[in-house]
Amino acid sequence: MQIDKDLVAASATPLVLAILDEDESYGYAILKRIRELSGGEIEWTDGMLYPLLHRLHRFGFVTAGWRTSPEGRRRKYYAITEEGRVALADQRRQWVTVTTALDDLWHHSQARPAAEGAS
Amino acid sequence: MGSLEPSIAEWRAHVSQATGVNGHDVEELETHLREQIADLGAAGLSEDEAFLVAVKRLGDVDEMSREFAVEHSGRLWRQFTVAPESGARGTSAGLLRALGLAVLAAIAIQVPRLVGMDPAALETFYARNASLLVLPFLAWYYVREKRLTGAQIMLTAAPFLVAGLVVNLYPWTAGSASELVVNLHVPVALWFAVGYTYVGGAWRSHERRMDFVRFTGEWFIYYVLIALGGAVLLLLTSFLLEPAGPETVEAVLGWILPSGAAGAVIVAAWLVEGKKSVVENMAPVLTSIFTPLFAVMLAASSVLYLVSDLASDFNREAILVLDVLLVVVLGLVVYDMSAREETDPPGLMDRIQLVAVVSALLLDLIVLSSMIARIGEFGFTPNRVAALGLNLVLLVNLVRAGWLSVRFVSNKTSFHYLERWQTAYLPAYGLWSAAVVLFLPLVFEFA
């Protein structure tokens, strides 16, 4: 199963913010984490992550800075800000509302085919 | 072994050329590419294979560059050279159109003289109509360049028509103050009408509004440069013609000066579009020289006015000069913003800007209180209402800009909101000028 492109795009911001909420991170690691979390089913074009990160930076949701990692690699690290947490909380409420609504609907529709079969 | 580095160098060169992608982005993408290659190598792929897979995963460069360009439209402005869409046709057709319209504007400004209007009437006519004779050609240039639709063209034409009717048909009292005030506000209001065509009708977009701010600033720089060159040319011409007598000199200059000034409006606009990269190097330098100077000047004079009693006897000229000063400072600050990389952390320049804004705010308050005192004493006049209104419009902007600046400098908010506020506020100036043109004469019964 591949996740639909529009859905990937819509979920990009909350995913990235939520990952950064765990700990600061850099582009490559963020993508790896997303793949891990979704069992490889959320497939991103890697290059598209960076414009998104820059947008979040522009909005002040994350800070960014170049640092050299302990293994000696230079990386641009991103960390979430207070404003970013507020935005994430807001996104979270929206997603929970949507998924709850869908859950309810699908609960009903699971019950219905069974009822029809009995009549 | 050893084929990896050349491949990466080649990839880097290719990505660097994409629009909207700058050096830091390429560096960031390269670190990504290298990590991916290392991981794939660890999983058993050869260097070549790993490189190919990693590049493929990064995605199509054109598509990525488009995303970067959307995100950083300010950069795009600097990287675009001439002709956004059809590269082959663009430059020369745009140049020809600009030159043609410049010539038309130069002729249009002379029409009243050519049809033999008498000199006394001529002066009033120019005071009222100069911008109406020139700016329609600039608007038309963008109507064609940005391919506006029929409805959008009608919408652009409306302010020009209304302004033409107002300045020429309102029954002015001879030498009235409200006429003078209206004559000053018409060009400003019409400049916003040109702005509507410049943004291609997309006036709601904050990014396009910022483009218009950049355009206005850069147009101004080019216009001043052309004017300086023109002044030197006219000076030399008048020396050369001196033996022929002062009448000849005056006659020649009398024809060349207005036409040159009118044509330069269009040529400067074309230069802004065509030679963005030239001004890109100049504008940040100019603003970083003048913003600190203005900040110092404003801070010093606001302190002077505060501690002394000078403000109590502000006359009308002083208030006018201060109004102009505030407009210039605000223009400088907004133009500074348009040239700034949005994601840079607050730096020295932002603090200097804050000083400028706060001092301007203080001065504005001083002017305002003195003006209110004058109005209390002598009542409302067209001049005072126009100046008071402009002051209030500026005050609202400065208060909010100052507040956001403080928050930005102390890292409480991002630059984005500061910029947003300025672009959101932009129409207020146009609306205020339009309101002055339309209603002020009615309120004061054309006196």
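From the N terminus on, chain A runs α-β-α-α-β-β-α, which comes to four helices and three strands. Helices (H or I, at least four residues) and strands (E, at least two) are DSSP runs, numbered from the N terminus. This is a predicted model, in which local features need pLDDT of at least 70 and side-chain atom pairs count only at pLDDT 80 or more, while totals for chains, interfaces and linings use all residues. Residues are numbered from 1 along each chain as its sequence is written, and chains are lettered from A in the order in which they are written.

The three strands of chain A form an open sheet of order 1-3-2 with antiparallel pairing; two strands pair if DSSP finds at least two bridges between them. Strand 1 (25-26) and strand 2 (62-68) of chain A each have a single partner strand and stand at the edges, so one side of each is left without a neighbour in the sheet. Strand 2 of chain A is joined to strand 3 (residues 74-80) of chain A by seven bridges, and Val62(A) has Ile80(A) as its bridge partner in strand 3. Helix 1 (residues 5-22) of chain A packs on this sheet and touches strand 1, strand 2 and strand 3 of chain A. Its direction makes about 95 degrees with that of strand 3 of chain A (axes are lines fitted to C-alpha atoms, for helices over the stretch in contact, and angles run from 0 to 180 degrees between N-to-C directions).

The contact between the chains takes 18 residues from chain A and 19 residues from chain B; two residues are in contact if their C-beta atoms, placed from the backbone, lie within 7 Å. On the side of chain B that touches chain A, helix 2 (23-42), helix 3 (47-58) and helix 4 (61-71) of chain B give two or more residues. Helix 2 of chain B supplies the largest share, seven residues.
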